[in-house]
Amino acid sequence: MRHGIAVSVLLAASAAQGQDIGGAYALDGRDFNGGAYYGAVEITATSDVTCEIVWMIDGQEAVGICMRQDNAFAASYVMNGQVGMAIYRVLPDGTLEGTWTVAGSNGVGRETLKPM
């Protein structure tokens with residue numbers, strides 16, 4: 001029976017980990033050519049494993065779905081009719097650091113999201 005309790009505790013911890021990423025973030029990014037851009041991001045838990053993510057950059061909104069697993073955080077999004085993907089590493093202080101791209105593109109951008 002102890003094994004069953006341990007599994008339940010691990011599953012509960014995993015579900016809680018997916019939700020603890022939610023909140024507001026300040027965005028500092030670099031586009032494909034290294035140009036700087038800034039904005040804000042809001043992450044909202046939608047289930048034990050998924051979340052909604054909204055970027056606001058220069059008055060434009062991108063909306064997507066996201067999820068966290070351990071220290072990896074992934075999101076897909078649509079902005080101006082284009083589909084994109086972002087992959088972040090979750091740092092110990094809650095900062096998300098990663099790269100993004102747009103479907104059909106050879107470029108990769110970089111972003112840092114700092115909890116506000």
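The model is predicted, so local features need pLDDT of at least 70 and side-chain atom pairs count only at pLDDT 80 or more, while totals for chains, interfaces and linings use all residues. Residues are numbered from 1 along each chain as its sequence is written, and side-chain values use heavy atoms, with hydrogens and water left out.

**Overall fold**

- The protein chain contains one helix and eight strands, where helices (H or I, at least four residues) and strands (E, at least two) are DSSP runs numbered from the N terminus.
- Along the sequence, the elements follow the pattern α-β-β-β-β-β-β-β-β.
- Of the 116 residues in the protein chain, 30% are buried; buried means under 20% relative accessible area, exposed over 50%, and partly exposed in between (1.4 Å probe, protein chains only).
- Among the contacts with a separation of 6 or more, 27% join residues 24 or more positions apart, a contact being heavy atoms within 4.5 Å.

**Largest pocket**

- The largest pocket has a volume of about 310 Å³.
- The closest to its centre, of the 16 residues that line this pocket, are Tyr 37, Ile 57, Tyr 77, Met 79 and Trp 100.
- Two or more lining residues come from each of β3 (50–57), β4 (60–69), β5, β6 (82–90) and β7 (96–102), and β6 gives the most, with four residues.
- On a 1 Å grid over the protein atoms alone, a pocket is an open set of points with protein on both sides within 12 Å along at least five of seven lines, whereas a cavity is a set where a 1.4 Å probe fits but cannot get out; lining residues have an atom within 4 Å of a point.
- Grid points are joined across faces, edges and corners, and a volume is the space filled by probe spheres set on the points.

**Charged side chains**

- The count comes to two salt bridges, each defined as a side-chain nitrogen of Lys or Arg within 4 Å of a carboxyl oxygen of Asp or Glu.
- Arg 30 pairs with Asp 28, the closest N and O atoms being 3.0 Å apart; Arg 30 is partly exposed at 33% relative accessible area, and Asp 28 is partly exposed at 33%.
- Glu 97 pairs with Arg 89, with the closest N and O atoms 2.6 Å apart; Glu 97 is partly exposed at 34%, as is Arg 89 at 42%.
- Glu 111, in strand β8 (residues 109–115), is buried yet has no salt bridge, and the nearest side chain of opposite charge, Arg 30, is 9.8 Å away. Lys and Arg count as positive and Asp and Glu as negative, with His and the chain ends not counted.
- The Glu 111 side chain makes a polar contact with the side chain of Trp 55 at 3.3 Å. Such a contact is a pair of N or O atoms within 3.5 Å; within protein, one must be able to donate a hydrogen and the other to accept it, and residues adjacent in sequence count only if both atoms are side-chain atoms.
- Arg 68, in strand β4, is buried because its relative accessibility is 18%, and its side chain reaches the backbone oxygen of Asp 70 at 2.7 Å.

- Ala 75 lies in strand β5 (residues 72–79) and counts as buried because its relative accessibility is 5%.
- Beyond four places in sequence, residues touching Ala 75 include Ile 53, Trp 55 and Met 85.
- Gly 35 sits in the loop between β1 (23–30) and β2 (36–45) and is partly exposed at 26%.
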